[in-house]
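This report describes selected features of one protein structure. Please consult the sequence and the coordinates alongside the text.

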Amino acid sequence: MSESKRIKTALVSVYHKEGLDEIITKLYEEGVEFLSTGGTRQFIESLGYPCKAVEDLTTYPSILGGRVKTLHPKIFGGILCRRDLEQDIQQIEKYEIPEIDLVIVDLYPFEATVASGASEADIIEKIDIGGISLIRAAAKNYNDVIIVASQAQYKPLLDMLMEHGATSSLEERRWMAKEAFAVSSHYDSAIFNYFDAGEGSAFRCSVNSQKQLRYGENPHQKGYFYGNLDAMFDQIHGKEISYNNLLDINAAVDLIDEYEDLTFAILKHNNACGLASRSTVLDAWTDALAGDPVSAFGGVLITNGVIDKAAAEEINKIFFEVIIAPDYDVDALEILGQKKNRIILVRKEAKLPKKQFRALLNGVLVQDKDTNIETVADLRTVTDKAPTPEEVEDMLFANKIVKNSKSNAIVLAKGKQLLASGVGQTSRVDALKQAIEKAKSFGFDLHGAVMASDAFFPFPDCVEIADKEGITAVIQPGGSVKDDLTFAYCNEHGMAMVTTDIRHFKH
């Protein structure tokens, strides 16, 4: 089995022609003959090079509105013929089938057509038949044939041609085949998911653009990110983003997207350790940092406001890993960019997935993303005392934080500022005690504060503790069999409580 194979005949039939001219020119210079269809044939001839029509080889015209062009034994025989198998060679000679050594083909833009909101009839016509068959055939016979299955592979092919002319190694052909099967499997996954229409009858998720990370959660673990970070962020400064950075960045984006007011948040290990909504970025930063200036060290910072020089000067006083904002003033960037490794991201408008999944046991868990954001209309007062407008505002503020905190979670807030939170505890009482101790350690007065819980109170013990600390209003999902006892305690001690009937239970 010969490693090196020479390209004598190329079948070219593509939707995307940008960048193809250099390849065609180089192939022609190397003595390669062309075989093509319709628009691609016209393109090749417009460059001044001869090109044989597929119809002349098959003796069949393009039929059924272009649905059938290349589906013919003389095409697929030329691709699938095993050059080292005498029986195959005898058959292609008998039926006058030319060997095809290079196939350059791409697929109709199915995903783009779906995303455009086109009619089902238009979408169905973008399900490629001939193209996908050519890709599979050429990739299967990579021992003898080179397959270029997308515009993304034009450059690797051109580099190969420039390096050693119209020849290829087995290693190169096998790599191209692997890339081709990535294209075909992604395409079929997109088609299946369109027909499945969200029913979840099978798990098919295909994401291109692999990015290898320095390592995973720990240095001994490999880590990868599949997706297009460039569509979400412009990284304008700093070191390479790590696996753990990405976990925190994801948590930060989920959290900040809960807020319409100008808000600044500080996160550590996926949980908010400081957050405040204010009229300026500087004030929001100052009050967010006050929530836990110790945990802020090495954290991830995010805001939905433009960072100016005044805010940057204060932010620059602490060590942090990542900062994210929709924009920065020029003089703010000069300040923040003083630390070489500090990651500075500009967030862009990008559509986020509506599903979440994670590998576990011998399968995959999938769920809808929790996009519900409670408003005043979702609150049900369950006590004699109704909360004041200020308390309602703070409860909704705190509820957004507790939704994005690891359970068991309790959040204490006042004046649209996170005073403290207790997260990831095995009991809700421990979470509350942790939050109270933290708030006191940083000098916060809890009188008049509100408390948010991500799940119901199975006993009245948490509201009893909160009451003794001066907390006046509570928001929780409700639904415990002992809700009446909890409500009764609040009534007896003049506390206001609202329920949402929606849990935001997060591990």
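Predicted model: local features only at pLDDT ≥ 70, side-chain atom pairs only at ≥ 80, totals over all residues.

Helix H17 covers residues 428-441, and its axis comes within 9 Å of that of H18, with a crossing angle of roughly 15°. Because angles under 35 degrees count as roughly parallel, H17 is roughly parallel to H18. The crossing of H17 past H18 is right-handed. On the H17 side the contact involves Arg428, Val429, Leu432, Lys433 and Ile436, which meet Asp461, Cys462, Ile465 and Ala466 of H18. By class, the residues of this contact between H17 and H18 comprise six nonpolar, no polar and three charged.

From H18, the residues Val463, Glu464 and Asp467 take part, and they meet Thr486, Tyr489, Cys490 and His493 in H19. The contact of H18 with H19 consists of three nonpolar, two polar and two charged residues.

## Packing of H4 against H8

Helix H4 comprises residues 73-80, and its axis approaches that of H8 to within 8 Å, crossing at roughly 30°. This angle makes H4 roughly parallel to H8. H4 contributes Ile75, Phe76, Ile79 and Leu80 to the contact, while H8 contributes Ser133, Leu134, Ala137, Ala138 and Lys140. Seven nonpolar residues, one polar residue and one charged residue make up the contact of H4 with H8.

## The second largest pocket

H8, which spans residues 130-140, also supplies at least two residues of the lining of the second largest pocket. Helix H2 (38-46) and helix H7 (120-125) each likewise supply at least two residues of that lining. The second largest pocket holds about 510 Å³ of space.

In total, 27 residues line the second largest pocket, and Gly66, Arg67, Lys69, Tyr108 and Asp128 lie nearest its centre. The lining divides by class into ten nonpolar, ten polar and seven charged residues.

Rolling a probe the size of a water molecule over the atoms shows where empty space is left. How many cavities of 30 Å³ or more are counted? The count comes to one, and the largest cavity has a volume of about 30 Å³.

Its lining consists of Glu258, Ile373, Glu374, Leu396, Asn399, Lys400 and Lys403. Four charged residues, two nonpolar residues and one polar residue make up the lining of the largest cavity.

Most residues other than glycine have a negative phi, and most peptide bonds are trans. Two sites in the model are set out against this background.

Glu96 is not a glycine, yet it has a positive phi of about 55°. Glu96 is placed in the loop between helix H5 (86-94) and strand S5 (102-105).

The peptide bond from Ser407 to Asn408 is cis, and its omega is near -5°. Asn408 belongs to the loop that runs between helix H16 (389-403) and strand S19 (410-413).

Technical notes
Residues numbered from 1 in each chain as written. Heavy atoms only, no water. Contact = heavy atoms within 4.5 Å. Helix = DSSP H or I, 4+ residues; strand = E, 2+ residues; numbered from the N terminus. Nonpolar A, V, L, I, M, F, W, Y, C, P; charged D, E, K, R; others polar. 1 Å grid on protein atoms, 1.4 Å probe; cavity = no way out; pocket = protein on both sides within 12 Å on 5 of 7 lines; lining within 4 Å. Points joined across faces, edges and corners; volume = space filled by probe spheres on them. Axes fitted to C-alpha atoms, helices over the stretch in contact; angles between N-to-C directions. Parallel < 35°, antiparallel > 145°, perpendicular 65-115°, else oblique. Left-handed = near helix turned anticlockwise from the far one by under 90°.
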